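Colleague: I am new to this structure and would like to learn how to read it. Could we take it one feature at a time?

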Amino acid sequence: EKKKIKDILEDKIDNYKDVIVMGWVRTKRVSKNIAFIEINDGSTLKNLQLVILSPDEHPLAEINRGASIKVKGYLDKVEGREQDVEMKAEEIEIIGEAPEDFILQKKRHSFEFLREIAHLRARTNTFGVVNRFRSKMSYAVHEYFYNKDFKYIHTPIITSGDAEGAGEVFKVTTLDFDNLPLTDAGQIDYNQDFFAEETGLTVSGQLEAELLATALGDVYTFGPTFRAENSNTSRHASEFWMIEPEMAFCNLEEMMTLMEDFIKNLFKFAVEEAEEEMDFFNKWIDEGRRDMIKNIIESDFGRVTYTEAIEILENSDHDFEFPVKWGIDLQSEHERYLTEKHFQKPIMVYNYPKEIKAFYMRQNDDRKTVAAVDCLVPGVGEIIGGSQREERYEELKNRMEELNMDLEKYEWFLDIRKYGSVPHSGFGLGFERLLMYLSGMQNIRDVISFPRTPGSAKF
Ligand code: 4AD
Ligand code: MG
């Protein structure tokens with residue numbers, strides 16, 4: 001009977017005889033009277049040790065690291081080893097051979113090197129763990145919202161808008177670049193394009209999520225998000241996954257409470273349900289990670305207004321490269337100071353100057369700030385951006401006009417402020433940033449299976 005290594009090692013099987021296991025060879029040791037092969041099938045970090053008692057009877061010479069094999073045999077309890085079960089192989093069949101020069105050696109490879117062979121890196125311990133962790137944490141996101149009766153909605157990938165208004169949209173077109181149709185004014189004539197208008201890949205599902213929240217109540221998206229942001233940093237990817245809850249009848253304060261609860265629940269899930277992965281990160285990536293995560297679950301996030309944050313920075317004796325003054329966008333050095341030096345824990349900074357935030361955020365009574373909130377964490381910086389939305393028709397329209405936005409194009413967005421408008425709020429959590437924080441991995445390219453970054457879209 002076919003079995004997964006995970007179930008075997010966790011003793012979740014009822015029959016120790018006639019077991020069939022399939023996997024990829026990690027190591028092989030052959031001597032005259034006995035041979036050992038370790039295989040991994042992706043179900044767990046751990047390998048299953050195969051013991052071959054009559055090496056001559058099996059095609060061991062052709063089995064190299066990386067090859068896939070099918071083994072039939074019986075399981076044996078053993079003591080004093082890392083695993084307490086091993087398999088005595090009776091029949092070994094090669095499914096797919098691997099040449100001797102399989103690129104993944106037994107030694108540890110650098111993450112930089114592994115990025116260049118991203119098609120194979122999932123076969124390493126680290127990236128096996130990372131991929132399983134991604135999968136588990138995705139489930140945790142859905143579980144959290146399912147239990148709170150949020151509706152999981154699917155917002156479009158191809159859109160005609162720029163939800164963040166930051167000009168970072170990847171274009172989607174079927175126009176022939178060698179023969180672009182032009183208008184009389186000499187502009188590209190998007191009427192002749194596939195959708196008869198200019199389109200691109202979504203930078204956020206928020207605007208559409210607002211439409212559905214103002215009909216369904218509480219909703220969330222969890223999908224791929226694209227930004228043609230030319231920042232080559234360890235925290236930016238051109239394609240990343242974002243979780244965006246949107247709640248009707250909800251103000252900033254209530255939203256911040258949900259945000260903290262959501263993060264803590266994800267952390268709890270990681271510690272309790274992703275034990276193997278957290279063990280691995282704790283051992284190989286950052287010692288003490290698990291305790292740090294546990295501490296966060298137990299303590300409250302800091303809450304400060306942007307204005308208070310600026311005061312803290314101004315009153316510190318730290319020398320910032322980028323001068324601090326009310327109105328600036330917080331730079332990563334400022335975020336780091338606040339979370340790593342001053343508060344030493346995750347913080348929520350709210351009420352930002354309207355000039356540095358998106359058009360849809362609700363203006364506060366001071367008319368200078370908007371009801372925006374960013375969640376910042378030590379080591380990674382911003383993991384969440386959110387806000388209470390401007391639900392007042394006139395206010396929103398005025399702001400959009402101030403910013404020279406095309407009102408006609410966003411008529412649908414203004415419409416929901418016309419018909420039964422309600423206070424509503426939402427935020428976006430960058431899934432990769434969350435994974436970086438939980439794992440201690442330092443580069444966003446190493447928490448997504450196939451990273452897209454400026455100059456790199458291979459695999
Ligand atoms: O702060 P951002 O731009 O907010 C929005 O997109 C809102 N529409 C969300 C909402 O209110 N529904 O992005 C939200 C989060 C950031 O805090 C960050 O974690 C992540 O998305 N993010 C990125 N992650 C990886 N690579 C990038 N280039 C990212 N840009 C944003
Ligand atoms: Mg942001």
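Colleague: Which residues come nearest to ligand 1?

Modeller: First, this is a predicted model, where local features need pLDDT of at least 70 and side-chain atom pairs count only at pLDDT 80 or more, while totals for chains, interfaces and linings use all residues. Residues are numbered from 1 along each chain as its sequence is written, and chains are lettered from A and ligands numbered from 1 in the order in which they are written. A residue is near a molecule if its C-beta atom, placed from the backbone, lies within 6 Å of it. Here 24 residues are around ligand 1, and Ser 204, Gln 206, Gly 385, Gly 428 and Gly 430 come nearest.

Colleague: Which strand gives the most to this shell?

Modeller: Strands (E, at least two residues) and helices (H or I, at least four) are DSSP runs, numbered from the N terminus. Strand 15 gives the most, with 6 residues.

Colleague: How does strand 15 pair with strand 14?

Modeller: Two strands pair if DSSP finds at least two bridges between them. Strands 14 and 15 run antiparallel, joined by 6 bridges, and Asp 374 stands opposite Gly 385. The two strands form a hairpin with 3 residues between them, and Gly 379 in the turn has a positive phi of about 90°.
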